[in-house]
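Hello,

Here is the structure I promised to pass on to you. Have a look at it first, and then read my notes below with the view open beside you.

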Amino acid sequence: MKIASAPRMRAMALIGLLLLLLLPGEALAAGGALAPLVHDIGVSLLVAGLLAVLFHRFRIPSIAAFLVAGFIVGPGGGALVQDLENIPVIAEFGLVLLLFVIGLELDFRKIISSGRIIIVTGLLQYPLSILVGFMLAKLLAFMGVTALGGEFAPLYMGIVMAASSTLLVVKLFQESFELDTTAGRVSLGLLIFQDIWAIVIIALQPNFSNPQIGPIVSAFLGIALLTVITVVVARYILPAVFRWIATSPELILVGAVGWCFGIVFLGGNFDAFGETLFGINAHIAVGSGMSALIAGASIANLPFSRDVIGKVGVVKDFFVILFFVGLGMGIPVPDGVEVLLLALLFAFAAIVMRYIVFVPLLYFNGLDRRNAVVSSTRLAQLSEFSLIIVYAGYGLGHIDALFNSATIFAFVITALVTPVLYRYADDLYTRIQSLLDRLGLRSPKSDAEEKKEEYSLAVLGFHRLSSSLLYELQKKMPELLEQVLVVDFNVHLHDKIAALGPTTRYGDLANAETLHHAGVDRARVVLIAVQDDVLKGTSNLRLVNDIRHINPDAVIIANAIELPQSQELYDAGADYVYMSRVDSAQGLMEPIVSALDGYIDEYRVTRENCDGKWHERDEVIP
């Protein structure tokens, strides 16, 4: 009798577990009395996890696994979720955190410095896309596509084509650490403008037959008021608050999320405050997504923002997964081939739209053609806002069920191809260069990405060793100080460190994403300057692995306490391992020998003439 291999048996066990989950809910009712919310989240994550492993094995994007998992546990599949309202509600939490992190990564100085590239393109791209989509729908309706023949269907097709997915695009830019590139900033800038345009559409939507300007003015008045309040508090109050908790990195997450939802609650209750205090409802309440974006942007330039990005990102990813699962639950069972054909038409038109509208606008507003093509390619998907607008339009009777279902399927299609388009955007540009030349989109002398700030040395952790190291550099290699990056959570020392020349970044060393945002990925040499018995939540071994991942070419100098640990660090990728106990012992050999030979006084004078007296050294840490 042939026995199955262990990997195959494990795979069969996973499949068996998945099949068990697909049993009707009543069959599992006796297995435990979980609360519906816990049950729904648990089932969703379990099925998503199993499919993610399977899809990864065949190199299929994880987003596809989450969407399929949602379909399986939703009403269109096994109906394993007990309350369909649970997952979308939890997923909204993830969307709020995502927009908060986006705000943290916004550098308005860079966006403003981009000038017309983002501002003019952002103002024109959405309405021009709606116009092109409207005209295309009219043409298709004339050719016999009945789903596009309604009064408002052409307008809704234009809206569907006009916007891209903030969630998908930013997630991919963050995973590839490219959000701070030209393509990343341009894409993010356009997404922000698209979201603002979507707010305008949502305000006008109930009155499409008779649009009114009042709701739009009210919406922007609320955004402006919330921005002013948030910026004032963030500038004059928050720095002091965060200085109090900065020495406890675990509190940064709590404080940041608390700030985010405080602003969300403030913006969402503007109308309630107005009625309570003044007896009027000005309809200026700000949505949770925009409020979270404002909350993040308001603290983007504070020293702890990079650490917040890393910490919130872990929590955010959990809820973002639930967002995609919840989205998958909304995928209807196809009712005939017509809905799939219309969805393919929407998806194809949205992708082509990026090259017809986005690329020319970006190029003629000053962006080089490589980044114009790359940015447009990575924005080639439908937006979550489009789903919301179309669903609301269906409820208002503007479009039929076929149009609504086709939009959902089109979003799924573009979501599945987005990771592929993202990965091969540069290759696509290379392939179409000759076509761009013929169309008159000439290449500048250099299409290279702008050079980021680079560092000769990154010092991770600032304690007594780092303090003495800076003193030695100041004395012997002062020209190097301005090329030194120091990453540490003790903000009380940052001003003294910066006064010597180095760049200082607040950061918890236990988070790899924090290290990346701090700039460790752009350092030639990385020194781990603290021992494992001082580090919290990480170790030299883990840090070496993280640094090697985000900066493969760096020279890494690590710190070992125990002798066998040095080989582990070398195996992990360290280029040199130092041991304070060995270095100290070797340093003591000379004074000991001098003492034994009777020359200790002469040795002390020689050292003090060369290195100065210890009590006279003006170090950051005395």
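**A histidine and its surroundings**

Leaving aside residues up to four places away in sequence, His39 touches Leu34, Leu80 and Gln82. Please keep in mind from the start that this is a predicted model. You will find His39 in helix H2, which covers residues 36-57. The side chain of His39 also has a polar contact with the side chain of Asp40, at 3.2 Å.

**Two pairs of packed helices**

A word of background before you zoom in: two packed helices are described by the angle between their axes and by the distance between those axes.

Start with helix H7 (residues 153-162) and helix H16 (residues 337-364). At what angle do the axes of H7 and H16 cross? The crossing is at roughly 70°, and the axes come within 9 Å. Angles of 65 to 115 degrees count as roughly perpendicular, so H7 and H16 are roughly perpendicular to each other. The crossing in which H7 passes H16 is right-handed. To see who makes the contact, pick out Met157, Met161 and Ala162 on the H7 side, and Phe346, Ala349, Ala350, Met353, Arg354 and Phe358 on the H16 side.

Now move to helix H10 (residues 214-236) and helix H14 (residues 288-298). Their axes are 9 Å apart, and the two helices pack at an angle of about 30°. Angles under 35 degrees count as roughly parallel, and H10 and H14 are therefore roughly parallel to each other. H10, too, passes H14 in a right-handed crossing. Which residues meet here, in H10 and in H14? From H10 come Ile223, Leu226, Thr227, Thr230 and Ala234, and they meet Met290, Ser291, Ile294, Ala295 and Ser298 of H14. The contact of H10 with H14 divides into six nonpolar residues, four polar and no charged.

**The sheet**

Next, find the open sheet. It is formed by six strands, in the order E3-E2-E1-E4-E5-E6, and the pairing is parallel. Which strands are at the edges? They are strand E3 (503-505) and strand E6 (576-578), each of which pairs on one side only. On average, neighbouring strands of this sheet are turned by 20° against each other, with direction ignored.

You can follow the pairing from strand to strand:

- Strand E1 (residues 455-460) and strand E4 (residues 523-528) pair in the parallel sense over five bridges. Here Tyr455 has Ala523 of E4 as its bridge partner.
- E4 pairs with E5 in the parallel sense over three bridges. Val526 has its bridge partner in E5, namely Ile556.
- Strand E5 (residues 555-559) runs parallel to E6 and is joined to E6 by three bridges. Opposite Ile557 stands Tyr576 in E6.

While you are at this end, look for helix H26 (residues 565-572). H26 lies across E5 and E6, and runs at about 155° to E6.

Enjoy exploring, and write back with any questions.

Best wishes

How values were computed: Residues are numbered from 1 along each chain as its sequence is written. This is a predicted model: local features need pLDDT of at least 70, side-chain atom pairs count only at pLDDT 80 or more; totals for chains, interfaces and linings use all residues. Side-chain values use heavy atoms; hydrogens and water are left out. Axes are lines fitted to C-alpha atoms, for helices over the stretch in contact, and angles run from 0 to 180 degrees between N-to-C directions. Helices (H or I, at least four residues) and strands (E, at least two) are DSSP runs, numbered from the N terminus. Angles under 35 degrees count as roughly parallel, over 145 as roughly antiparallel, 65 to 115 as roughly perpendicular and the rest as oblique. A crossing is left-handed if the near helix is turned anticlockwise from the far one by less than a right angle, and right-handed if clockwise. Contact means heavy atoms within 4.5 Å. A polar contact is a pair of N or O atoms within 3.5 Å; within protein, one must be able to donate a hydrogen and the other to accept it, and residues adjacent in sequence count only if both atoms are side-chain atoms. Two strands pair if DSSP finds at least two bridges between them. Ala, Val, Leu, Ile, Met, Phe, Trp, Tyr, Cys and Pro count as nonpolar, Asp, Glu, Lys and Arg as charged, and the others, Gly among them, as polar.
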